[in-house]
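Here are some friendly notes to read with the structure open beside you. Take the points one at a time, and find each residue as you go.

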Amino acid sequence: MFIVDRDRVLNLWRRARNLIVLVIITVAMLQDQKPSPALVVGLVIGGLGWVVLALRILPSRQHLAAVCVTLAAGLWLTTLVGPGLAPVYVIVAIASSAAALDLITTGVVTGTGLIALIIALAGHDVAASAIALWCGVTIVVTLLVLLRRQRTAGAEQERMLADEQARAAALAERARLAREIHDVLAHSLSALSVQLETAAALLERDRTADAAVLIDRAGTLARDGLTETRRAVSALRGDPLPVPELVGELTAGYGRDLDAPATFTVDGEPRELDAETGLALFRAAQEALTNVRKHAPGSAVETRLRYEVGTVALRVRNHGPAGPPVSGLSSGYGLIGLRERAELAGGTIEVGPDNGEGGDGGEGGWLVDLRMPG
């Protein structure tokens, strides 16, 4: 499909327009003046410089050389034939310097060109008002070119800023998707792994009935994983989550799967939270309980969800290892993802050994403490 680049077309039109103006001025000067070798040489040199400036095909240093050549040719033609169309070459040279060169160089070229133009016109006894008019036109055209250049630079900066913002948004969304994938897979697969490893050990001891129970539980976990996937998709779409129900189910599931003491408490009046806050609380509870499954399976767990004014806090605490850690399951990204998720939603999280500062005798275990605005 052919897509029109508006800026490219506009630039091509400007170059073509400048060349058309050159042809018109050259023909007009040849008609007004009796052709002479000096006039032809001046028109050829000035015309070549004009063409090079119009096409903008040279780097800055060579572009400055083309400006000087065109300026000199314009002054030569003005000295030769007097006022008329010859000063247009001077205007083109100065305007071209404003379009492509730095401001200091443009200032020097403009000042030098105007002084030389005044001297050349004064040599033909041109009225002061006419000289002032030519100088005024030159200055106005130069200022317009500088203004257009500034606008173009500003538009380019805005485009680059928009590209950077779009790139940052894409990276943030990619990180968000990565967190969701990790959280869903880590929880479901680690729980499945524990169940299947235990079932395999039971089968080696010919305890097929017990193994069948665990395999059936593994099937339940797999179905729960599918539910988690659908829930993650729903959260990514911005749907609010029933946080108390979900955290309560997670806690009860931990106690049921590992036959461990697990309590869940809600303080305050539950209220609807935005999707990011609800998802951060749910994922924190999920990650904390998944870590207990990995590092202290069977340990007693307390989960507390507390609704305060403007804040919702989640605390998950276990009371020390009840069984050996399950090796080979830690990816190292869970806590990183929790911190990223909490910070993005304006919350804070503290994770570390439980020193019993909560005043409820929880010393010896591990504590995850998340506070979110909401």
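Predicted model: local features only at pLDDT ≥ 70, side-chain atom pairs only at ≥ 80, totals over all residues.

1. The chain has 10 helices and five strands. Its radius of gyration is 39 Å, well over the 21 Å that the globule rule gives for 374 residues, so the chain is more spread out than a compact globule.

2. Now turn the model around and look at its outline. Along the principal axes, the C-alpha trace spans about 115 × 45 × 30 Å. How much of the chain counts as buried? The share is 40% of the 374 residues.

3. Is helix 4 largely enclosed or largely open? Because 12 of its 14 residues are buried, helix 4 is largely enclosed by the rest of the structure.

4. A pair of aromatic rings is described by the distance of the centres and the angle of the planes. The count here comes to one aromatic pair. Its partners are Trp50 and Tyr89, with 5.2 Å from centre to centre and 90 degrees between the planes. That angle makes the pair edge-to-face, because planes over 60 degrees apart count that way.

5. Trp50 sits in helix 2 (residues 37-55) and Tyr89 in helix 4, so the pair links distant parts of the chain, 39 residues apart. Trp50 is buried, with a relative accessible area of 3%. Tyr89 is buried too, at 0%.

6. Next, go to the surface. Leu10, Trp13, Ile20 and Ile24 form a nonpolar patch there, and together they have about 400 Å² of accessible area. Leu10 belongs to helix 1, which runs over residues 6-32. With a relative accessible area of 31%, Leu10 is partly exposed.

7. Two loop residues have a backbone angle worth checking. Asp125, in the loop between helix 5 (103-122) and helix 6 (128-204), has a phi near 55 degrees, a positive value in a residue other than glycine. Asp206, in the loop between helix 6 and helix 7, has a positive phi of about 60 degrees, although it is not a glycine either.

8. Finish with Thr227, which you will find in helix 7 (residues 208-236). At 34% relative accessibility, Thr227 counts as partly exposed, because that class lies between the cut-offs of 20% and 50%. How far apart in space are Thr227 and Val266? Their C-alpha atoms are 24 Å apart, while the two residues are 39 residues apart in sequence.

Conventions:
Residues numbered from 1 in each chain as written. Heavy atoms only, no water. Helix = DSSP H or I, 4+ residues; strand = E, 2+ residues; numbered from the N terminus. Buried < 20%, exposed > 50% of the residue type's maximum accessible area, 1.4 Å probe, protein only. Phe/Tyr/Trp six-rings, centres within 6.5 Å; stacked < 30°, edge-to-face > 60°. Patch = residues over 30% accessible without salt bridge, like charges linked within 9 Å, V, L, I, M, F, W, Y side chains within 5 Å. Areas by Shrake-Rupley, 256 points an atom, 1.4 Å probe, with all protein chains shown as cover. Salt bridge = Lys/Arg side-chain N within 4 Å of Asp/Glu carboxyl O. Rg over C-alpha atoms; globule rule 2.2 N^0.38 Å.
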